[in-house]
Amino acid sequence: MKRIINFIVLFFILYLGNQIAPDAIVTNGWKTTLMATVICYIAQTIVALMMIAITAGGYAIGARIGHMWLIYLFTFGLILIAICLPAIALYISGQVLDGFAVHGTITYAVLIFMINILSYSDKKSRKDNSNQ
């Protein structure tokens, strides 16, 4: 259910973004926006799996060598990529799909902010967990 809600939120962010700023988010119509959303979700899944594999390898190398800075570096990279994952997926969608493009670094920053704020999470609050 969480993925369906996030899919709908991403679609509406892209569609309304095109309506508000057609120079920043360019699409040929709602069908192109829908295809961009589908490609974005596929790209997010693939990039997330690659990120997990690379991070696990980095932790193994850092633990074997014994350098904590390497483990901190991979942790920071993991957090940074997790925050920027929607932008990476949108960039891939723009490269793969004709008729869809996102222009400008500021547009990507606004989209990252909007997607991360409006996305739905199943995590319960600490107050709910402490009462149980």
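Is Tyr15 buried, partly exposed or exposed, and what is its relative accessible area? In this predicted model, Tyr15 is partly exposed, with a relative accessible area of 29%. That class applies because partly exposed covers the range between buried, under 20%, and exposed, over 50%.

**Aromatic pairs around Phe11**

A search of the whole structure finds 3 aromatic pairs. Among them are two pairs that involve Phe11, listed below with their computed geometry.

| Pair | Arrangement | Centre to centre | Angle between planes |
|---|---|---|---|
| Phe11 and Phe12 | edge-to-face | 5.6 Å | 65° |
| Phe11 and Tyr15 | stacked | 6.0 Å | 15° |

The pair of Phe11 and Phe12 is edge-to-face because its angle of 65° is over the cut-off of 60 degrees. The pair of Phe11 and Tyr15 counts as stacked because its planes, at 15°, are under 30 degrees apart. Through such ring pairs, Phe11, Phe12 and Tyr15 are linked into a cluster.

Helix H1 spans residues 2-20 and holds both Phe11 and Tyr15. These two residues are 4 residues apart, about one turn of the helix.

**Accessibility within the cluster**

Phe11 counts as buried, at 15% relative accessibility, because the buried class lies under 20%. Phe12, by contrast, has a relative accessibility of 45% and counts as partly exposed.

**Met114 and Leu10**

Met114 belongs to helix H4, which comprises residues 105-118. With 32% relative accessibility, Met114 counts as partly exposed. Met114 and Leu10 stand 104 residues apart along the chain, and their C-alpha atoms are separated by 9.1 Å.

Terms used
Residues are numbered from 1 along each chain as its sequence is written. This is a predicted model: local features need pLDDT of at least 70, side-chain atom pairs count only at pLDDT 80 or more; totals for chains, interfaces and linings use all residues. Side-chain values use heavy atoms; hydrogens and water are left out. Rings of Phe, Tyr and Trp (its six-membered ring) pair if their centres lie within 6.5 Å; planes under 30 degrees apart count as stacked, over 60 as edge-to-face and the rest as tilted. Buried means under 20% relative accessible area, exposed over 50%, partly exposed in between (1.4 Å probe, protein chains only).
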